[in-house]
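Good morning, and thank you for coming. Please look at the structure on the screen while I take you through a few of its features.

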Amino acid sequence: MAEPMKPRVIVEEDDYRRLDLHSGKSKTLMDLHKTICDAFGIERDFRIQFMDPDFNNEFMNITSVQDIQDRGTIKLVYMQNCLDMNPISRPNSPSTAGSSASPSSIHTPQSVSSLSSSDSDTTIILSHSDSELRTCAWPRDFTIPHFPYDVEVQLQRENEIFRETGTSLKIPPGLKPDILDKLAEEIFQYTAYLQNHQIDVAGALTQKFPCLRDLSATGYYSWMISLKYKMANYRTKMRDIGCPEMTVNALKNKSRDECFHSAKNVKKAKKAEVNYCPSHPTGETDDSLENLRVELLTDVKGHQM
């Protein structure tokens with residue numbers, strides 16, 4: 001039976017955890033990746049690095065599970081925008097055989113997706129639209145964003161008063177809208193429609209700033225209601241400026257029979273979906289994307305023959 005291992009994992013810059021491998025080293029890097037995701041509840045894509053003693057303990061990408069040592073240190077490096085930026089290579093290209101890709105086939109970490117043609121060396125690159133809203137699923141633990149400086153100063157001062165006297169903050173005019181606006185902006189990066197199970201944002205807010213607790217049993221009921229209304233207003237704002245994901249749900253885009261029921265047939269992301277109605281990549285239209293689809297389909301069929 002393999003000996004148990006306890007490597008240290010750097011999950012974030014200030015988050016160090018122990019990974020208990022009771023059955024020893026994972027058989028493959030894929031198994032190790034899954035074990036880390038299950039152990040720490042990580043939903044983002046990442047690569048694993050280990051502290052290499054041959055290079056003055058600098059972090060190097062793991063190429064084999066043998067690189068992991070008991071009580072050694074490994075580090076998680078998250079992929080930009082939660083996307084693997086490596087291009088999809090042809091089946092007979094060197095990259096699929098484990099060799100290093102040529103410089104022309106390696107893309108710098110930009111917001112691009114790439115598909116290689118099967119009968120030429122030309123790589124078709126589709127730049128993501130600037131209006132593409134989100135690429136990450138809802139986080140397990142929502143992190144409260146940094147508010148404007150004046151708001152942060154006021155909340156920190158009121159937190160100190162709360163610790164000393166236990167008195168909650170009597171929210172002055174203007175402070176609550178500033179807080180809700182920033183939270184709505186952060187939430188919208190993940191979802192436009194806040195669900196009941198995601199309302200822990202209000203709990204995270206009062207946990208970070210206890211001075212904002214209300215008199216309800218949970219301590220954040222009023223913030224929960226305010227967030228729901230704020231998100232509704234934020235969706236209206238995004239629809240008015242032409243956000244495709246919001247305009248698709250506008251009453252003018254519904255049939256005459258459905259215009260009296262604004263909540264009917266609302267198109268929003270379902271489970272396992274990040275964005276229900278993404279906009280076209282920059283510079284692309286329905287016709288250009290259709291031509292690209294036909295071209296790629298022809299290339300694939302030609303390669304299979």
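A residue is called buried under 20% relative accessible area, exposed over 50%, and partly exposed in between, with a 1.4 Å probe and protein chains only. The model is predicted, with local features needing pLDDT of at least 70 and side-chain atom pairs counting only at pLDDT 80 or more, while totals for chains, interfaces and linings use all residues. Residues are numbered from 1 along each chain as its sequence is written, and side-chain values use heavy atoms, leaving out hydrogens and water.

I turn to the salt bridges, in which a side-chain nitrogen of Lys or Arg lies within 4 Å of a carboxyl oxygen of Asp or Glu. How many does a search of the whole structure find? The search finds seven.

One of them joins arginine 157 to glutamate 158, with 3.4 Å between the closest N and O atoms. Arginine 157 is partly exposed, at a relative accessible area of 42%, whereas glutamate 158 counts as buried, at 11% relative accessibility.

Another links lysine 34 and aspartate 38, at 2.9 Å from N to O. Both residues belong to helix α1, residues 29-40, and sit four residues apart, about one turn of the helix; helices here are DSSP runs (H or I, at least four residues), numbered from the N terminus. Lysine 34 and aspartate 38 are both exposed.

In helix α7, residues 286-304, arginine 293 and glutamate 290 are three residues apart. Their side chains meet in a salt bridge of 2.8 Å, N to O. Arginine 293 is partly exposed at 46%, and glutamate 290 is partly exposed at 36%.

Conventions
Helices (H or I, at least four residues) and strands (E, at least two) are DSSP runs, numbered from the N terminus.
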